[in-house]
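Hi,

Here is the structure I said I would pass on. Have a look at it first, and my notes follow below.

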Amino acid sequence: MDFKDLVQKRRSIRKFTDEELTAEQVQLILRAALMSPTSKSTRAWHFIVVDNKDTLEKLSQCKSAGAEFVKDAAMAVVVLMDTTETDVWVEDASIAAVTMQYQAADLGLGSCWAQVRLRCMEDGTPANDILRFILGYPETWEADSIIAFGHPALERKPQDEDKLKWENVSIDNK
């Protein structure tokens, strides 16, 4: 599949089958993350891979809404950055997250991104604090997102070319 087709076909998948991922699929997804570009090649990201069902359930409850689908994934990757190593950690973490998602789509897998940064429980407890408690990562690391991966339980149509907002693009024609 050409990259242009992959971009059109990749959609957020929030429903997964019970089928596990192979070791090769997991390795390729993580390889993509580790090859993703970072500012000044700092590579300050960290990835915590979770495939334990009890832990996936806990991760799915780290914020008041928007992460429920994580509990049904075959695997989730918590995307973290050491904030003492770079001032553009949000950007670097986000690039790694989307790189993993495109790799998953290329493998025929589904994925969905759950934002953690700036999200909280209803009582105001930051999702990052809850994840730190569950996973035990250092205080200098901040969670950007959780990416859920698995075999899609539903088929989604490719993105509609007619809905592209080309009017949001400006081209300098000097």
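**Rings and cysteines**

Let's start with phenylalanine 3, which is exposed at 53% relative accessibility (exposed means over 50% relative accessible area, buried under 20% and partly exposed in between, with a 1.4 Å probe and protein chains only). Before going on: this is a predicted model, where local features need pLDDT of at least 70, side-chain atom pairs count only at pLDDT 80 or more, and totals for chains, interfaces and linings use all residues. Residues are numbered from 1 along each chain as its sequence is written, and side-chain values use heavy atoms, leaving out hydrogens and water.

The search gave three aromatic pairs (Phe, Tyr and Trp rings, the six-membered one for Trp, with centres within 6.5 Å; planes under 30 degrees apart are stacked, over 60 edge-to-face, the rest tilted). One of them is phenylalanine 3 with tyrosine 102, tilted, at 5.5 Å centre to centre and 55° between the planes. Phenylalanine 3 sits in helix H1 (residues 3-9) and tyrosine 102 in helix H4 (residues 89-106), so this pair ties together parts 99 residues apart in sequence (helices are DSSP runs of H or I, at least four residues, numbered from the N terminus). Tyrosine 137 and tryptophan 141 make a stacked pair, 6.3 Å centre to centre with 15° between the planes, and both residues are buried.

As for disulfides (two cysteine sulfur atoms within 2.5 Å), the whole structure has zero. Cysteine 112 is buried, at 1% relative accessibility.

Cheers

Technical notes:
Helices (H or I, at least four residues) and strands (E, at least two) are DSSP runs, numbered from the N terminus.
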